[in-house]
Amino acid sequence: VINSPEHLKKWSPGRIRDLKHRQYALLSGLFLALKPGGRLVYSTCAVTPEENEEVVEKFLKKKKDAVKLLEQKRIDTNAEHNLDPMFVAIFERAR
């Protein structure tokens, strides 16, 4: 669970920055393998906008006409199942 003492000890602004860069690199690398018309799901259990919306914004800005954002949303799974929150973005590669 994200707010466990173990996870809270690891949190820092530098860690968030590093994860943001790593996640963008993973998303960009996977996009290279995507066929035209193919879809890619980017999902995290991160709570920070830096690892979610900011990664999506940067990806869309860099890829411009090569990709379309089909859906983006935060899912509060804690309310129903006592799980960490989720973020999901679905992209489609231009044909």
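Student: Which exposed residues does the face of H3 turned away from its buried side carry?

Tutor: That face carries Glu-57, Lys-61 and Lys-62. Exposed means over 50% relative accessible area, buried under 20%, and partly exposed in between (1.4 Å probe, protein chains only). Helices (H or I, at least four residues) and strands (E, at least two) are DSSP runs, numbered from the N terminus. A word on the source: this is a predicted model, where local features need pLDDT of at least 70, side-chain atom pairs count only at pLDDT 80 or more, and totals for chains, interfaces and linings use all residues. Residues are numbered from 1 along each chain as its sequence is written, and side-chain values use heavy atoms, leaving out hydrogens and water.

Student: Which are the buried residues of helix H3, and why are they on the same side of H3?

Tutor: In general, an α-helix has 3.6 residues a turn, so residues three or four places apart point the same way. In H3 (residues 53-63), Glu-53, Val-55, Val-56 and Phe-59 are buried. They lie on the same side because they cover an arc of only 160° around the axis, taken from the directions from the helix axis to the C-beta atoms.

Student: What covers the buried residues of H3?

Tutor: The cover includes H2, strand S1 (39-44), strand S2 (67-75) and strand S3 (86-93). Take Phe-59: leaving out residues up to four places away in sequence, Phe-59 touches Tyr-24, Leu-27, Ser-28, Phe-31, Val-67 and Phe-91. Contact means heavy atoms within 4.5 Å.

Student: Is Gln-23 buried or exposed?

Tutor: Gln-23, in helix H2 (residues 13-32), is buried, with a relative accessible area of 15%.
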